[in-house]
Amino acid sequence: MDSSIQENNYMVNDLAAKSHQEHYPGEIIRADELGNHRFLFNCQNGVRLLLHVLSDKILRFRYLTDGPLSPDFSYAVPADATARMAPALVEFREKPDHYRLTTARLICIIQKENLKARVLDRSGTILSDDEKGFHWEYDYDTGNDIVKMSKQVPAGVHYYGLGDKPDNMNLRGKRFTNWGSDTYGYVKGSDPLYKNIPFYHVLHQKIAHGIFFDNTFKASFDFAAERADVTSFWAQGGELNYYFIYGPTLMEVTQEYTLLTCPPELPPLWTLGYHQCKWSYFPEANVKEITSGLRDRKIPCDALYLDIDYMEGYRCFTWSKAHFPEPKRMVQELAEDGFKTIVIIDPGIKIDPEYSVYKEGVANDYFCRRADGPLMKGSVWPGLCNFPDFTAPRVREWWAGLFKELIQDIGVKGVWNDMNEPAVFEKGTFPPDVRFEYDGHWASHQKAHNIYGMQMARATNDGVKKFSYPNRPFTITRSTYSGGQRYSSGWTGDNIASWEHLWLANIQCQRLSISGFSFIGSDIGGFVDTPTGELYARWIALGAFHPFFRTHSSGDHGDQEPWSFGDTVTDLARHFIELRYRLLPYMYTAFWQYATKGTPMLRPLTFLDQNDTETYLRMAEFGLGDHLLVCPITQPGADGRWMYLPRGDWFYYWTDTPQAGGSEVWAAADLTRIPLFIKAGAVVTMQPVMQYVGETPVTELTLHVYYKNGTAESVLYDDGGEGYAYLEGHKTVRRFTVTGSATDLVLTQTIEGDYAPSYATYRVVLHGVAGAIAVTADGQPAPVTEATLETGLTLPSLVVPVGFGEVRVNVVAAGEGKGEVVPVV
């Protein structure tokens with residue numbers, strides 16, 4: 001062999017070997033203050049750290065290995081989100097062996113020797129401490145740096161979050177990857193799944209912070225799995241770019257992250273009702289059979305979904321002439337009966353020269369291309385397809401315009417994006433050399449894969465919003481990235497009709513909620529296989545407390561409508577769906593809190609009391625909004641379950657029995673119940689049951705007032721549930737305060753805003769107040785009557801004007817057991 005060839009082979013092999021070496025920052029030689037609370041640390045080997053103090057609680061770390069500072073672009077964090085932030089205090093000082101940066105809440109130390117970072121709170125407690133810190137290796141195959149960060153794991157630390165991972169709530173000891181994948185029939189521990197949310201919580205010494213690794217390449221997270229004393233995260237390219245988000249509560253960490261990546265607009269109220277879906281309802285006669293089945297059985301429902309079979313040969317934006325010859329008429333008839341029609345739209349556009357959408361895409365160069373120029377081709381439901389590049393603004397604008405006929409002309413009310421990981425039959429996803437415009441920052445599929453579904457949902461939402469106006473849009477997506485909550489609701493994908501998946505649905509929806517994505521639910525009953533009647537009943541009981549509430553199933557596994565399991569299960573399904581409709585004012589208020597404050601709608605037990613270490617490893621129980629505690633039954637044949645009540649006082653919803661928290665309790669729950677507790681001092685607002693939102697005007701709301709020896713606050717938000725007048729101030733926030741003692745209970749209301757609701761009165765129902773009572777409303781005697789509730793309980797109640805200021809309840813003769821803590825029955 002020629003010696004020069006041998007030498008060249010050696011050189012290539014040597015380069016490949018060097019590509020697997022880990023590299024580290026050198027010593028800091030200079031630190032520059034760039035303005036706007038940004039600090040650039042320069043190392044002797046060219047590595048730099050740009051540290052940006054976004055607020056007193058948020059620090060952003062950007063590490064660069066070589067070359068100029070790349071343009072700062074993020075699909076997750078809009079520029080105006082950070083522009084709204086400002087720290088109250090920033091002090092920057094150089095010390096002999098480190099630099100010290102101080103805010104009103106944090107201290108950050110950067111070591112001069114190796115660029116390692118340590119973050120402390122102002123009391124000196126170490127929150128985060130780099131182990132190896134930032135390091136990287138060169139990937140010879142792609143030309144990217146594999147960027148890595150490792151941190152120390154202190155004793156007793158716990159990890160939560162990371163989106164839709166189907167595993168235990170506490171992530172310690174686990175490893176996960178973010179690479180959106182079509183995972184049909186996944187199981188506990190399957191990874192990766194559909195969504196890519198690189199954000200997690202750290203809880204140590206009862207103090208919480210979060211890490212948001214804003215990198216769209218395939219990313220991995222090790223929570224002390226490989227080494228018990230090290231946690232790390234890394235990505236196959238891009239920058240090591242992460243945000244440190246201080247709590248100190250878990251709730252505040254989620255709020256800060258959600259506000260950073262921006263919460264969604266308020267949805268139309270009807271989207272919080274019950275939805276019925278199947279793969280697939282067709283032809284029109286079958287659709288009408290399903291809608292009649294719901295109305296005839298008095299099962300409330302607001303939305304009916306059409307899966308891929310409504311199209312002509314699975315071509316998006318078309319209708320099957322055989323199955324739906326007059327879609328506009330059908331959609332209008334469904335609307336007259338209270339049903340909003342939702343249709344599925346996938347990203348694959350069939351290669352068909354006679355198909356207008358395909359022709360427009362080719363003519364205007366809207367489809368993704370391979371590195372050498374050919375259009376990307378892949379097989380999905382229509383057969384061989386091209387795929388729009390949703391990272392190009394002009395393509396998103398075109399895609400949005402395609403919804404005019406569906407939404408504005410035909411009257412469809414929402415769009416469901418599926419297969420947008422993106423999924424390709426047999427291949428999994430696109431080849432790595434597919435190129436994307438990436439909003440002017442050209443990228444390969446390796447960088448764009450994890451945000452493809454999010455950008456499809458963005459373009460879809462733009463179109464639905466444009467053509468729904470003056471009403472609000474509704475979209476749902478299977479795949480997304482951090483910040484995708486701005487554009488869409490979601491569901492947990494192709495689950496299985498099993499008790500394990502009922503358990504997983506509970507965990508996944510909680511985890512997504514604390515990861516900034518609250519508008520979430522699961523396919524009730526399971527998408528794959530057929531549930532038993534008992535499993536379906538337990539699942540719909542849980543789904544009634546998830547923000548997105550939909551039954552969905554694969555048609556080749558049998559029927560899965562609420563009446564498919566016999567009369568007993570039909571009655572149970574109606575029972576829990578009706579409870580959901582009663583709770584719509586409460587649910588909508590929880591969504592308003594999420595949209596304005598970033599608070600998760602579903603809250604794991606640890607979020608309810610992180611100072612109670614008993615909550616750290618529990619995962620079945622969760623809070624919905626401020627005052628409800630839910631715990632599903634996830635085993636067959638059970639007539640109740642043991643569960644943990646957070647500290648404080650609670651009432652069991654079904655019996656009104658008071659119960660002290662801070663311990664395990666037995667909650668009796670046959671199939672007519674789900675373990676449900678109400679926090680003492682709560683005011684829980686309910687409305688009358690309707691078959692769909694807006695069926696009739698609400699003339700009276702019920703305020704369920706729960707006794708508390710002390711003071712508690714509740715809120716009710718209302719804006720009519722549709723349109724954008726609330727952005728002009730046409731909304732009302734009603735704040736209730738309950739103050740109780742051994743002899744009285746006082747309910748006060750303050751009102752902000754000018755929205756005039758349809759209801760003129762409240763029915764106030766008193767819980768936990770026994771014995772003879774005297775009641776005044778705004779100083780005037782108020783007659784007390786008995787109200788029989790849907791639970792069968794009979795309790796004292798009174799009717800007051802919606803604008804009341806104070807209701808005062810005085811106990812004339814105390815009843816036995818008032819205020820006492822007794823076991824749940």
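**Notes on loops, sheets and single residues**

1. Let's start at Pro470, which sits in the loop between helix H9 (445-468) and strand S27 (475-477). Helices and strands here are DSSP runs numbered from the N terminus (helices: H or I, at least four residues; strands: E, at least two). The peptide bond leading from Tyr469 into Pro470 is cis, and its omega is near 15°.

2. A word on the source before going on: this is a predicted model, in which local features need pLDDT of at least 70 and side-chain atom pairs count only at pLDDT 80 or more, while totals for chains, interfaces and linings use all residues. Residues are numbered from 1 along each chain as its sequence is written, and side-chain values use heavy atoms, with hydrogens and water left out.

3. You will find Pro283 in the loop that runs between strand S18 (274-276) and helix H4 (284-296). These bonds deserve a look because most peptide bonds are trans, just as most residues other than glycine have a negative phi.

4. On the subject of phi, Asn36 has a value near 55°, which is positive although the residue is not glycine. Asn36 belongs to the loop between S1 and strand S2 (38-43). With a relative accessible area of 56%, Asn36 counts as exposed (buried is under 20%, exposed over 50%, partly exposed in between, with a 1.4 Å probe and protein chains only).

5. Asp439 has a positive phi too, near 50°, and is likewise a residue other than glycine. Its loop is the one between strand S25 (435-436) and strand S26 (443-444).

6. Now to the sheets. Eight strands make an open sheet with antiparallel pairing, in the order S1-S2-S3-S4-S17-S14-S13-S11; two strands pair if DSSP finds at least two bridges between them. At the edges are strand S1 (28-35) and strand S11 (158-161), each pairing on one side only. From one strand to the next, the twist averages 20° (axes are lines fitted to C-alpha atoms, for helices over the stretch in contact, and angles run from 0 to 180 degrees between N-to-C directions).

7. Within that sheet, strand S13 (residues 199-204) and strand S14 (residues 207-213) run antiparallel and are joined by 6 bridges. His201 has Gly210 of S14 as its bridge partner.

8. Strand S33 (residues 622-624) is joined to the antiparallel strand S34 (residues 628-630) by 3 bridges, and Gly623 is partnered by Leu629 in S34.

9. Trp666 is in strand S38 (residues 663-668), and its relative accessibility of 30% makes it partly exposed. Between Trp666 and Leu535 there are 131 residues of sequence separation and 21 Å in space, C-alpha to C-alpha.

10. Finally, an unreviewed UniProt entry lists residues 700-769 as "domain: DUF5110"; UniProt annotations may be inferred rather than shown by experiment. In the model, residues 700-769 are 0% helix and 60% strand, and the end C-alpha atoms lie 22 Å apart.
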